[in-house]
Amino acid sequence: MKCHESLIYIAAGSSVVAIDIRTMRQVFKVNHQEEVHSFQMLPEKSLICTGLAQRAMLWDVRRGCDIQKGEAVAELDGHRGNVNLLHMDPYKIVSGGLKDFQVHVWETGNGRQLSSLNCCPLSDYHRGFRCSAMAVNGSRILTACNGGDYSDLCFRDFNNSTVPIYSDSSILQSKFWAPKSQRDTEE
């Protein structure tokens, strides 16, 4: 359950519902054919992201009141099991699951995949290490993994990233990977 201004967002079972607490009426509902395992929202852009089995779905809630028959903005796939770990901010979506040994980073607006990051240096399909938790704060990502008797943490700080942002739309670009000083001047 999450709250933004006068709306309460509730993810349960196979749907996400938004209720206006002033009128106690449903504003919209996103239905899936399967169970929702995680949920994040970005109300200022009218976007929600739902974690499902082996994928996450990005939805623009402005596309209709009942999105059951609508199309998602993007399907964020490439996961091995349920997507239990989700982060969403204006620049990126980070998704992962308890059976994954990587987290995936996606562009928020269109769902284009930007990168896949091993959860930990020891993350390896053969050793049994899997992502067990993650935390994202701006351009910092902390992931935790475990495998049997061992656990590990991996902290990445992209504050001083030097990958340039190109104006050519055919070249991969993201404010997430830009240097902090460049992101600040663009906003």
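**Exercise 1. Determine how β11 and β12 are joined, and find the partner of H104.**

Step 1. In this predicted model, β11 and β12 run antiparallel and are joined by 5 bridges.
Step 2. Take H104 and look across to β12: its bridge partner there is S116.

**Exercise 2. Describe the largest nonpolar core and state which elements supply it.**

Step 1. This core has 16 residues, and V94, V103, C119 and I141 are those with the most contacts inside it.
Step 2. Two or more residues come from each of β11 (102–107), β12 (113–118), β13 (130–137) and β14 (140–147).
Step 3. The most is given by β13, with 3 residues.
Step 4. A separate second core has 15 residues, including L7, V30, V36 and L52.

**Exercise 3. Summarise the protein chain as a whole.**

Step 1. Count the elements: the chain has 1 helix and 15 strands.
Step 2. Buried residues, those under 20% relative accessible area, make up 45% of the 187 residues.
Step 3. The accessible surface is about 10,000 Å², and carbon and sulfur atoms hold 48% of that area.
Step 4. Among contacts with a separation of 6 or more, 37% are between residues 24 or more positions apart.

Conventions
Residues numbered from 1 in each chain as written. Predicted model: local features only at pLDDT ≥ 70, side-chain atom pairs only at ≥ 80, totals over all residues. Heavy atoms only, no water. Core = buried A, V, L, I, M, F, W, Y, C linked by side-chain atoms within 4.5 Å. Buried < 20%, exposed > 50% of the residue type's maximum accessible area, 1.4 Å probe, protein only. Helix = DSSP H or I, 4+ residues; strand = E, 2+ residues; numbered from the N terminus. Contact = heavy atoms within 4.5 Å. Areas by Shrake-Rupley, 256 points an atom, 1.4 Å probe, with all protein chains shown as cover. Pairing = 2+ DSSP bridges.
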